[in-house]
Structures are given as structure tokens and as C-alpha cells.
Amino acid sequence: MTLTPDNPAVSLNDVSKLYGRFAALRMVTADFAPGRLYLILGENGAGKSTLLRVIAGLIEPSHGKLTILGSSDHKAVKAHLGYMAHASMLYDELSGRENLAYFANLYGIREHALCAQAIRTVGLDPTLERRVGQYSQGMRQRLSLARAILNDPRILLLDEPFSNVDVGSAKEMTRLLGSMRDSGKTIFLVTHQPALLEGFADESVYMSAGRVIERVDHRAPTLEAKR
Amino acid sequence: MSVLGILRTTLAKDLRMEWRSKDAINSMLFFALLVVVIFSFSFDLTAEESRQIAGGLIWVALLFAAVVALNQTWARELRNQVLDAYRVSPAPAESLFLAKTIGNFLFVAVLELLMTPLFIVFYNLRSVGPVHQLVLASLLGNWALVVNGTFFGAISIRTRSREVLLPLILFPISIPALLAMVGATTSTLTGEGSAHLPLVFLGVYDVVFTLVGLFLFETVLQAE
Amino acid sequence: MRSKFAIFALFTLALLSWGLYQALVAAPTEATMGPVQRIFYYHVPNAWVMELCFPLNFLASIIYLVNRKPAVDAFAVATAEVGVVFCTVVLLTGPIWARPVWGIWWTWDARLTSTLVLWLIYIGYLMLRKLSTGGSNPVLAASFAIFGCLDAVFVFMAIRWFRTQHPQPVFGGGANSGIDPRMMHAFLINMLAFTCYGALLVWIRYTLERTRQKVDEAHAMKSLMHHEAGAK
């Protein structure tokens, strides 16, 4: 469906996630417009990863309603999501190309030229036969990003993609994310290093104790005080 | 992509990874060899006695070895949280279930092929009944073990002490299949009684539990 | 609710006491087996309760997977635990009775073996519930229970068909074949008493579990409502 600023890409309505007595997310209500890069920030345990995993469909909310791309049927929109976590989500025993070829199949993508393309986009060599287990951390994170963008998702969910990544790789990944946002993708990025995305992020979303406590729009005409 | 297409690609991936690391096969082989040897000098049997109990021994050995393989094949999906990548994708859960089951089936089959000559040698076995019945019992029995083992493997990877929990919940469930396998094998080896009923029983068991597993696997996969 | 429970509990206690008297004193000593036969008044009722609990757990598991209501899961836990307890009693009293009477502790006939397998399966079920991490506990356990109960059916059939060379002593022959009316009386009272007792235990365990669920829910709701300092 076509998305206008009035039709959010992701919409949460009183979404809560409870683990026994502990509330990881507490009645989060928020709309996220398409084509923007959102920084999700907050201390450890604030619920940032849980939020991303709920949007990705890996966690079922205990209460509340989640609407993605206008649909509440999560299964229908999975093809349009890309998710990347701090763990690589890759098979160490396979090469980069083999990993991506497998995941491409899961999305019904037959043209394997797309895999090579994705690998090149993140700045890696698609002909590299080395097993992923032998990659450096920076290469692994880049390949993980390649996996996440393989299906050309409209919504990208990245959970601490820059951990233990060298500054050079991080800068390149940031530039890539910026250009993806410019082409219309909606990007959610959890990070403890917001400085890396200076100038690229559209909005900073601050979470604490399972709630969204503040949202700062960086593109708004009048500047608001940042925390 | 269709259920079959994803099944094929997942199976190919698993076989390729196993070929490179040989984790599951090596552990299984070594374990099975140990079991065969230990059983073999624990029981000093005449040829007739061998035929009576070989069925039971083989299947016990295979059951233990299968558990080793089952733990390995699911452990592979936990490393680097790579199972999340599958769960996030639109790929159907049933494909993963069948792909893992077929993969485990092939590993256990390799083990059977390697262990059977050993058993024949150590116990001086010779079958009175037709060999094709033994093969059929092997195939059906193998599937019975791995279809439940794969399902419970997926359950137990979400628990603490998963290496202990898998055999704990798998063994009681496998008892009827075990009885039927042993019944069919012993009947064939000794030539006494008909292997027909146990084989049919095994077939029905396989169908029922494959269907139940297919039906419930998505629930189990998407549980956190 | 409390008074209903108290009344039922007292009634059950009274029945159990009466049943005890009937079983140990009022009923005549059996001619061939002697005093040990009195275990029969416990063994069979306990088996009956177990045979109620496990199918109820099966049903509860299926229903839970469909509607995911916590109350249904509480019922599943209750019936599983009570079932295991009664099953344990059956497995202990059976051999105690069998040994002096028939000379064997155990035999692999259909009933005994399926009882043992069911016991093993439900121990597995309880361990699964104990060892699960995260919130997926009830779902995984319910799936397992479905496999387990289907399997019990197969076990029963397997033993009947594949183990015919073993001796098959006839148990429970005393119950239906023209026995002394006083024995029948004692038997029926104990059946009723233990059914009530089983129901009472399930009720207690269910309430315990439901309370635990509600306390957790209340804590969670409280923390949902709670405003952190500085939050908008």
C-alpha cells in the first residue's frame, strides 16, 4: 500500500510485553512515519531490543496492537522486514555467498545475482570463499547487514549493528543506511553510539524502563533541547 | 518459495554443513562403536541367543546415538542466533521441520549402514527370514526415532539442561516404536512369528506422529 | 467459594475415613489372598483417578493451544501433577499386592507397561515445565502432552500385540465376579472417596496456580501503570 505521512509504517498501540512480573515494554503507543531513520536510545534494560524484536515478529506482545505497513497480520508483512541483531545470524561453516544464497531462498528470491549485489553493497567481495567463522567482526556485521537487506525490505530493524566494528566499517555502513533511508526505507536503529549517526538520523527515540519517554525530531525547523 | 523448495534448500544447506564439519556423524559413529563393542563383550552369546536379542541391542544403540545427532543438528541453529533469521523470514515452519527430520534420518541411516556389518560380525548373525523386512524395519524405525526426536529437539533447545531433557522426553515416547522395531527385527532374524503386524504398526506410528509434528511445529518454533 | 471448598473438603475427609474403616475393618478378609488383598481398595480407585487426570490434561492441552487462556493452563498443570501422584501410588501398590499373591513383582503386560510409560511421559512433562526458560513454558508443555497421550495409546496396542509370550495374570478379577457384597460396598465407597479426593487435590492445585498467575499479572499491571520519575 502507498504510505503517506498520515499512514505510518509502524504503529504501536498500548503494546506491552510481560515476562512473569517483569514488564519489558509498558503500554508503548507510538507511530513511526515511513522513509525515516529512527535512533532508538536508552540505558540497558530499557526495552530497545524487545521493541525491535516485537516489530520483527520474534516476540508476541502480551497486550496491545501492532500494525505494520497498514496490516495487523504479521505473517503477511514478513517479506518486507529486515532484521539484524548483535549476533551475526549467519552460519559460521558457510561462505558469505552460500549464507546469502540460503537466506535468499527463504524469501523466494531466485536470482542469485541479487546476493552478489547485496554483498557488494556492504563493501565485501562476493567471490570470497572464506567461511564466515573466519571473518573479522566488521566483516561479519557487514555481511549480516547484507543478509538483512537481501529481500529489499521496506522496514529495516538493526539492533546494535556497530558493536565491536571498526570505525571505517561503521562509517561506511552509516552512509549506506542514509542512502537507503533516502530511497524510502524506514530504518530503526538501536545503538549505544549515537554520535556515529550524527547528521543521518531523522529522529531520536528515547526509551526507559519499557516506555518511550521522549522523541526528538532532528529535521524539525525549530531545534528542541536534546537530553 | 514453496514448502518443498525451502525444504530442499534447507536440507542441502544442512548436508553441506555436516559434510564440512562432520560434527554429528563423528560423535554418533564413535558413540555407536563404543556401544556395540561394550554390548558385545558384556554378553557372551550362542548364535541362537544372538538372533533373539540382536534386535533389541541394535535399536538401543541407535536410539542413544540418534540423540547425539539430534542435539548437534539443533545446536547448529542456536549458534549466532541464526534460527532467528529463519523465524523472521516468511519461510514456513513445516519446511524446517521436514528438512531437519530428513537430514537426521540420513545421518542415522549412515550410522545403520556402518553399524550393521559390525553387529553381524560380532554376533555371528545370520537372518532366517527375508532381509528386505529388516531393511523396511530399519527405514520405518529410523523415521520413528528422528521425527519425534527432531520435534522434541526443537522444544528442548529452549530449556536449560537441554542435553538431558531431550533423551528424557524422547525415550518414553519412542517405546511403542521400539517395541515394534524389536518385534519385527527379532521375528525376521529368528524366523518365528510374523513381522507383518509390527511393520504395519510402525507405519501407522510414523504417519500419525509426522502429521502431529507438522501440525504443531509452527507453534513450537514461534514460541520464544 | 471458600465455604464450598471447606464443605467439600470435610465431606471428602469423612468419606476417606469411612472408606479406610471399610477397607481395613468392615470388609471381610479375602479367602485365597488374605489381608494383602485389601490394597485392592486403594490400588483400583487410585488408578481410576489417574485415568481421569491424564485425559483431562490432554484435553486441557489441546484447548490451551487453541485459546491460550491462563486458567486452562493452570488446569493442565493441576491435572498433570495430581495424575503423577496417583500414578505413583498405583505403581507402588501394584507390585506390593502382586508379589505375595502371584509371586511376581512386575510383568510387562499392556496395562502395567502403559501405566509406567504414562508415568515417565508425565514426569518428562513436569521436568519440561520446570526447565523451560522464557514465557513459552505452557505452549511447549501442551505440545508435549499431546504427543505423550497419543503415544500412550500406541504403547497399549504395542504391548497387546507384540508381547504375547509373557504371562498375563488377570488383575481385578475379584471386583466383578460375584464377590461378597460387603467387599463391593467397601470398594464403591473408596472409589467415591478417592474420586472426591482427586478432585479436591486438583481444585487446590488449580487455585494455587491460578493465584500465582494472578499475582504475577497484578505485579506486572502495577509496573505497567507505574510512572518513572521524569517520564512524560
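How many bridges join strand S1 of chain A to S2(A)? I started there and got seven, with S1 (residues 10–19) and S2 running antiparallel. What I have open is a predicted model, where local features need pLDDT of at least 70, side-chain atom pairs count only at pLDDT 80 or more, and totals for chains, interfaces and linings use all residues. Residues are numbered from 1 along each chain as its sequence is written, and chains are lettered from A and ligands numbered from 1 in the order in which they are written.

**Entry 1: the sheet in chain A**

I noted that strands (E, at least two residues) and helices (H or I, at least four) are DSSP runs, numbered from the N terminus. Two strands pair if DSSP finds at least two bridges between them. I then traced an open sheet of three strands in chain A, in the order S2-S1-S4, with antiparallel pairing. Its edge strands are S2 (22–32) and S4 (63–68), each pairing on one side only. The twist averages 20 degrees from one strand to the next. I also found A:Tyr19 opposite A:Phe22 in S2(A).

**Entry 2: helices lying across the sheet**

Helix H1 (residues 48–56) of chain A lies across S1, S2 and S4 of chain A, at about 65 degrees to S2(A). Axes are lines fitted to C-alpha atoms, for helices over the stretch in contact, and angles run from 0 to 180 degrees between N-to-C directions.

**Entry 3: H2 and H5 in chain B**

Next I checked helix H2 (residues 23–42) against helix H5 (residues 93–123), both of chain B: their axes are 10 Å apart and they pack at about 25 degrees.

**Entry 4: H5 and H6 in chain B**

Last, I followed H5(B) to helix H6 (residues 131–156) of chain B, where the axes come within 9 Å and cross at roughly 135 degrees. That makes H5(B) oblique to H6(B). Among the residues making the contact I wrote down B:Lys100 and B:Glu112 of H5(B), and B:Trp143 and B:Gly149 of H6(B).

Key
Angles under 35 degrees count as roughly parallel, over 145 as roughly antiparallel, 65 to 115 as roughly perpendicular and the rest as oblique. Two residues are in contact if their C-beta atoms, placed from the backbone, lie within 7 Å.
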